[in-house]
Every structure is written in C-alpha cells, then in structure tokens.
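Please have the model open beside you as you read.

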Amino acid sequence: MARENERWEQQKRYLEGLKRYSERGVPIYIDGKLCSEEEWGKLFQVKEGDGFYMGDYIDQDGVLKEIRFDKVYL
C-alpha cells in the first residue's frame, strides 16, 4: 500500500510538472496528437506486452518547444 501511494505521488508530481510546461505554452503530444491535461493520465497506463510511453523533450536553441510521448515496445 505504501509503495502504491508513493507511485501515485510521483505520478501526481510529474503531471503537475507537465501542467506548468503547458501553462507556459509548451505543447504536449501523445502518439503524435496534441493532448489536453485530461488525457495525460494515460502516460501511466501499463498493460503487459503493451509497451510504455517515453518522453522526448524538443528544444530549439536551448528553449523547450514541445514535449512528445510515444509508445515504446520492448
């Protein structure tokens, strides 16, 4: 139970960070689609054999321009 609470807290902090970027005008894409805050939770959905999302932080001249998440399969 404590481990699950810790994981939930980490996910919450991560989503809060994404929100701060979004509020500064940094677009966030999942699977090539511009996503709203309500859709970000799917980044943590893990199904056996279904892969996981990996983030790619795109910068230009040292300025963060967008964040892209694509599903990665092992």
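**Briefing: rings, sheet and core**

Ring pairs join Tyr14, Phe44 and Phe69 into a cluster. Here, rings of Phe, Tyr and Trp (its six-membered ring) pair if their centres lie within 6.5 Å; planes under 30 degrees apart count as stacked, over 60 as edge-to-face and the rest as tilted. This is a predicted model, in which local features need pLDDT of at least 70 and side-chain atom pairs count only at pLDDT 80 or more, while totals for chains, interfaces and linings use all residues. Residues are numbered from 1 along each chain as its sequence is written, and side-chain values use heavy atoms, with hydrogens and water left out.

**Overall layout**

- Starting at the N terminus, the order of elements is α-β-β-β-β.
- The C-alpha trace spans about 40 × 25 × 20 Å along its principal axes.
- Of the 74 residues, 19% count as buried; buried means under 20% relative accessible area, exposed over 50%, and partly exposed in between (1.4 Å probe, protein chains only).
- Among contacts with a separation of 6 or more, 41% come from residues 24 or more positions apart, with contact meaning heavy atoms within 4.5 Å.

**The aromatic cluster**

- A search of the whole structure turns up two aromatic pairs.
- In one of them, the rings of tyrosine 14 and phenylalanine 44 have centres 6.2 Å apart and planes at 80 degrees, so the pair is edge-to-face.
- Tyrosine 14 belongs to helix H1 and phenylalanine 44 to the loop between S2 and S3, so this pair ties together parts that are 30 residues apart in sequence.
- Tyrosine 14 is partly exposed, at a relative accessible area of 33%, and phenylalanine 44 is partly exposed, at 26%.
- The rings of tyrosine 14 and phenylalanine 69 have centres 6.4 Å apart and planes at 70 degrees, so this pair is edge-to-face.
- With tyrosine 14 in helix H1 and phenylalanine 69 in strand S4, the pair ties together parts that are 55 residues apart in sequence.
- Phenylalanine 69 is buried, with a relative accessible area of 3%.

**Sheet and helix**

- The four strands form an open sheet in the order S2-S1-S4-S3, with mixed pairing; two strands pair if DSSP finds at least two bridges between them.
- Strand S2 (33-34) and strand S3 (52-60) stand at the edges with a single partner strand each, so one side of each has no neighbour in the sheet.
- Strand S1 (residues 28-30) pairs with strand S4 (residues 63-72) in the parallel sense over three bridges, and tyrosine 29 stands opposite arginine 68 in S4.
- Helix H1 (residues 2-23) packs on the sheet and touches S1, S3 and S4, its direction making about 135 degrees with that of S4; axes are lines fitted to C-alpha atoms, for helices over the stretch in contact, and angles run from 0 to 180 degrees between N-to-C directions.
- Just after H1, glycine 25 has a positive phi of about 95 degrees.

**The nonpolar core**

- The largest nonpolar core has 10 residues, including Leu18, Ile28, Trp40, Ile67 and Phe69; such a core is a set of buried Ala, Val, Leu, Ile, Met, Phe, Trp, Tyr and Cys residues joined through side-chain atoms within 4.5 Å.
- S1 and S4 each supply at least two residues of this core.
- Beyond its neighbours within four places in sequence, isoleucine 67 is in contact with residues including Leu18, Tyr21, Val26 and Asp56.
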